[in-house]
Amino acid sequence: MKVLEHPARTVKPQGIGARVLRKEDQRHLQGKGNFIGNMTMPELNEVAFLRSPLAHARITDMRVPKEGAGRIFLRTDMPDALDIIADSTLPTYQVSAIPPLAHDKVRYVGELVAMAYAPTRAEAEDLTELVEVDYDDLPVYVDTDSAMKATGDFIHDEWKDNTFVTLKADTNFDELASQAEVVVKQKVSLGRQCMLPMEGMAVLAYWDHQADQLVVYAGTQVPHLVRTGLAEFLDMPQEQIRVISPDVGGGFGYKCILQREELCVAWLAKTFKKPFRYMEDRREHLIAGAVTREHDYEVTAYANKRGKVLALEATITINGGAYSVWPFTTGLEAGQAVGNLPGPYAFRGYRCTTRAVATNKPPFMPYRGVARTGVCFAIELTMNAIAREVGREDWEIRFENLVTPEQMPYVNVTNKHLDGGDYPASLRRALEMIDIEGIRARQQKGSPDGRLIGVGVGTYTEQSAHGTSVFASWGTPLVPGFDQAFVRITPDGGLEVRAGIHSHGQGMETSFAQIANDVLGIDFSRIKLVHGDTDRTPYSSGTYASRSLVMSGGAVASACKQLVPRMRKIAAHLLKSNDAAALEFRDGRFFAAGGAQGGGESSVSIADVAEAWYLKPHLLPVDVDTGGLEISVGYKTKVDTGAFTYCSQAAVVAVDPHTGQIEILDYVVVEDCGIMVNPMIVEGQCIGGIAQGIGTAFYEETPYDEFGQPLASTLADYVMPGATEVPNIRFDHFETPSPNTEFGAKGVGEGGGIAPPAVLFGAVNNALQGLGVEMTQTPLTPHRLLTAIEAARHSGENSSTGTTGK
Amino acid sequence: MKAAKFEYERAGSLAAALDLLHDESVVVKAMGGSQSLGPMLNLRLARPAKVVDVSALPELRTVTEAGGRIRVGGAVTHAEIEDGVFPLLAGHMMQSVAERIAYRAVRNRGTVGGSLAHADPAADWVLATTALGAQVEIAAPGGQTRMVNMPEFMIGAYTTELGAGELIAAVHVPKMSPGTRWGYYKFCRKTGEFAEASCSAFFDPSTQTARIAVGALDGAPQYLDELAARVAEQGAAAIDRDAIHAAVKAIMPEKSEVDRGLFVTVVERCLRQALDA
């Protein structure tokens, strides 16, 4: 483990920095998790939806047969459920309304049209088949070009065109571009894909008569946001809704919004005061959940002869699907794209136009990494193109352009406050780990099996835990603010922590316990995190944007710290000391200064203090803090523009030019997420992100035909990386503490998913350089690779889906 | 999605199964390991009124010698062949093919008969039995059986010679004699998926048998007879990319050069594997 600029610190065995095994894994490895699919309840009915078979059509009539009455529902049966509307204050933004069920139009294949319930899912599906719908076809917009060119028949009739929003950046561009000696153009594109959490969307709602409350079990990342959304769109007071997120089998962004299905099932429970459940199956997800990653980039870099970029111009087009989701809106993806394209680079001239365009595909949702995967892919391939143009190595161009440690803290050309770290050192270390000299030598020798070896690199920043000011600038209807955490010491010295985030794979039951242990010294096994239940936890906007550990964990740390003075006062009294400040607090005990005093003990534990407060109050000092041994605290980082984790990754691939098969021979990661609370969890998050990044790079895509029909609706056609496709990943960690967070940590959950397409395409293009092939479109399927090789062989010169400067 | 309603019957004997399948009033389908039929039921692509489970029929669960060949019962699973449960198939080409079919979970239930009856052009048994020159033993209502050669048994994608109410009782494959050389090579996008191009070769000098079969086509696998004869005669010297290309082009004239190239590679690697070249 490499530690940079960091004062020596001892890692407590269960505290911050320890590789403690996760509490969560105990139940998950034994199949004892509490998922919505496991729940049983008397009178529970299963819900099925009829989904649109067409991508764009007007609904002219809908008929429900008599035997379906009372069990089959259309939009007109739900007047008290409002359309989901995600507005934004971004200029040019056009607002769209998502009805719980479609009524006048359908806008993508898979859109909800009707719902039915029955004792079993199969019977509910039988009922949906009874609904008859008449459609009038409308022109289908599959690609952004045709959508942008439309002059009528817009996806949203009241809009002036098919564009959600257009964002622009323009800083010092003309002057700096004019100084360029080299101009390089690069085009890249990413295919549309699904997120495919292992557990699909799931919701179970019922009416609790005792609490007079609608209870909604939702497999969500954001229980408090879902509660707010349900209250708004069911027009109910918030305290009459309780949202509980139990164990959730992965979210990745698919579950950080309010889904129509959640609203529909909640409405059923509210209306009939009975329990209803809906579980999205794999086919539904592959059809209606093809919601992400689809971006096109045209980048022009203006550089000097050494490859140092002076100015960058870009046009980014996001295939936004049919609606803007609540609460993050399509503006989030656009804002992230235009703001993060410069990444870790220091260039000062920038001009960018980013458009999110409406199409007849499922509504765009932010997936792990959000726009940063696409922008990293675009900028890194541009850097590689510069390298070829000026005749230098890919990584030499990075060193010309990366923000240096001497420049930190650095406000970049899009006003990102890069808070510290050594970006070039992380790349140097990655090159060292991948044995770049050895790879180059191996490439010279050639491979006995005829495969072509290539190496690729990528460096990125991951804006994490960005807060109020950033989301406010993106104009979203809900903006994260202070995260609240509640901590309570129990009568026998244990600790209950309640936080409004929701851990659905990030291991927060473990990391938050480590944080509390670090501050209070209470044994890790005695610290319990309660999360996911809006009735039992304080408000937080939830788990997304790699924010939970920093924001909510920070609140936990802050709350724990604020309990210490209260305990100190009680402890001093128990120790018969009149100098509370002189006591030493260490390992969960208060020690009297200079040993035992006047017949008393020399130390008392937190448990002793708790016993006094709860059970033996006659032992308490007269001026005891009546707040007791519990406290709820709101917390924000000192600077809320985000804590910038950074990372360099490198990979070696072997390409079989006869089959198009690519094997990843080695993959290294050098990441700096500040002080790591649990290095094992950090690595787990990175590995998971990289696996998904490999999926984006090589395997996953939902193609569409010209009628907007999705062509990969089962896992036979939608290929995901499995155990044999994800290599062993090797790590090194830097720990440059964040100056702005409670214990110097930064967020890291998304980062793994940002760089792999850039790194792997860099490696494949390096391998194929001799064949004059450059790949620039995800996923890099064997067929696309073989086609490019064949085309290059025919034309005899550069042939690819992108062009480089001449 | 969940399957539409159907009746499920588990037959205790071949005769009982044939009886149940011979129902002209409703659509009845036989179910082996349900690894092909199951997904079709669950996607509501197949909606039989009745499903007859034949996976436990004792007559279909044996592997015996018959007329100098090996008779593999239709309800033997891929996993049983992979694991060498039946001594007659231990070390056989079929064992090597079996261990690469889909995933172990699929192999635990999938059956040889079920795979051949489903007739997916990219299926491993479809190709392997074609290279082996196997025969399919079909049981008809009333107890008669008839034999149909592979690949003629497969008329086209998902279409076979099986008539209404008929069942695959077994498939008959040759034994491996000491001089036998065989190869099996498939290209999949990832481990466990269906092949995008595949080839199986079988050479037995003692019976002057030479077969190269290409699979994952639009319909049944096809032989490359001329190339097979040349390889039998000249050995590794006949493994020439241009010659292979000509042979492949002849069976897929309409495909693109890129698609053909993949098949050429697959055939070449299969042959090198067979001849240890």
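1. The model under review is predicted, and the points below should be read accordingly.

2. Helix α1 of chain B spans residues 14–21, and its buried residues are L14(B), A17(B), L18(B) and L21(B). These residues lie on the same side of α1(B), because the arc that they cover around the axis is only 95 degrees. An α-helix has 3.6 residues a turn, so residues three or four places apart point the same way.

3. On the other side of α1(B), the exposed residues include A15(B) and D19(B). The buried residues of the helix are covered by elements of chain B, among them the strands β2 (28–31), β3 (50–53), β6 (135–139) and β10 (167–173).

4. Turning to the interface, 19 residues of chain B contact 28 residues of chain A. The two chains bury about 2,000 Å² between them, with 52% of that area on carbon and sulfur atoms. Within chain B, the residues losing the most area to chain A are R189(B), K190(B) and V258(B), which together account for 33% of what that side buries.

5. Five salt bridges are found across the interface of chain B and chain A. In the salt bridge between R44(B) and E129(A), the closest N and O atoms are 3.1 Å apart.

6. Helix α10 of chain B (residues 257–275) supplies six residues, the largest share of the side that touches chain A. By class, that side of chain B has 10 charged, seven nonpolar and two polar residues.

Key. Residues numbered from 1 in each chain as written. Chains lettered and ligands numbered in written order. Predicted model: local features only at pLDDT ≥ 70, side-chain atom pairs only at ≥ 80, totals over all residues. Heavy atoms only, no water. Buried < 20%, exposed > 50% of the residue type's maximum accessible area, 1.4 Å probe, protein only. Helix = DSSP H or I, 4+ residues; strand = E, 2+ residues; numbered from the N terminus. Arc of directions from axis to C-beta. Contact = heavy atoms within 4.5 Å. Buried area = accessible area lost by both parts, 1.4 Å probe. Salt bridge = Lys/Arg side-chain N within 4 Å of Asp/Glu carboxyl O. Nonpolar A, V, L, I, M, F, W, Y, C, P; charged D, E, K, R; others polar.
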